[in-house]
Structure formats: C-alpha cells, structure tokens
Amino acid sequence: GGRAAGPPPPPRARLSAPVTLLRRKGEFVRAVCANSLNPLQLAYALSRGVHQIELAAEVDLSTAAGAGAPPLPPSAMQLSCTAPGVVARCLCSHPRLPLYLVGSDGVVQCWQFGQSVQGLGLHDHLRAQYALPVGTASGHHATSVRFSPCGELFGCIDTTGRVGLWRLCGARPHS
C-alpha cells in the first residue's frame, strides 16, 4: 500500500546564530519548549503565564538570525496566552505527540500545542493535574520535568529534591 499524499512537513531551518522571536522588557523568560512534531510551534513561560508562538510557514528564519537582528515582525507569528495566571517554572515537550508538560507550584500539567484553552484536547489526561509527590512542603514547586524517550512516562523533581514519576494517563506517582 502506498502512502496518502499530504501537506509537506514544515521547513527546518539550519541556524548558526540565534533568532530573536520577540523581546519582553522587564519580564524573565523561565522556560521554552518546541513541539517535536511541528518545530514552528513553541511554548514559553514568563513570570506571569504560559504563552504559545506559532510561526508562519513561509518565514525564513535564516534571514532573521544573527547578533543584533530585530525581532520577527508580528505578521510572521501568531501569539496566544494559554494560561495567564499559571506561574510555570519549567516546560518539556512530548517526543511523539503535540503535548507539553508545565511544571508549576505543587503540580505538573499536560497541555496541548495549538490550544488556547487547555483541557479540551486529545484525551482526558489533558484535564489532569499531577500533584507533586506526597510530603512536598507547601510553597515548593517543580524545578524540572521530562518525558521518557517513548513518551509513556514523565518525571518531575521539586525544590525539596523529591522525584515523582507518572504514566501519562495515570494520576498517581510511582515510588
């Protein structure tokens, strides 16, 4: 059987210098991750909220690279605020699905790229909040989140040094 013809994959620019996508004066970018299925979709965490960028397919990133290059024009990307009230500390994209983890104060959440309202996506696990391991003192937050290479498991470490490990569709950490 032959493969059905579909749209070509998004272009993958080979960059030798960083590209300035946007500048945020007075705001600290805490984390960023790219969709592993579509490198034109990015999520980034600021001190106030999680945001997404989707670059236009026709943007030539190689012309915007280099020190001192201006940010891309607004017409080259679509910005959306996914969760204005969430204080995200770390992000990580899934290796095989258009999902990403958001580590914040006391919980890890699984969100979908391209969705401006989270929890309305692929499966019920997108509505789940995975609580950090039992015994984590209040006020502690996730410092790192990672998916396993196959994407079935994910882990989190918090500021107390505790590690939690979950199956993507389960809500209880493995010990």
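Reply: Strands are DSSP runs of E with at least two residues, numbered from the N terminus. This is a predicted model, in which local features need pLDDT of at least 70 and side-chain atom pairs count only at pLDDT 80 or more, while totals for chains, interfaces and linings use all residues. Residues are numbered from 1 along each chain as its sequence is written, and side-chain values use heavy atoms, with hydrogens and water left out.

Me: Which residues form the covered face of strand β1?

Reply: In a regular strand the side chains alternate between the two faces of the sheet. Strand β1 covers residues 31-34, and its uncovered face holds Val 32 and Ala 34, whereas its covered face is formed by Ala 31 and Cys 33.

Me: Which residue in β2 stands opposite Ala 31?

Reply: Strands β1 and β2 (residues 41-45) run antiparallel and are joined by four bridges, where pairing requires that DSSP finds at least two bridges. The two strands form a hairpin with six residues between them, and the residue opposite Ala 31 is Ala 45.

Me: How far from Asp 158 is the nearest side chain of opposite charge?

Reply: Asp 158 lies in strand β10, residues 153-158, and is buried, meaning under 20% relative accessible area with a 1.4 Å probe, protein chains only. Asp and Glu count as negative and Lys and Arg as positive, with His and the chain ends not counted. A salt bridge needs a side-chain nitrogen of Lys or Arg within 4 Å of a carboxyl oxygen of Asp or Glu. Asp 158 has none, and the nearest side chain of opposite charge, that of Arg 162, is away by 5.4 Å.

How values were computed. Buried < 20%, exposed > 50% of the residue type's maximum accessible area, 1.4 Å probe, protein only.
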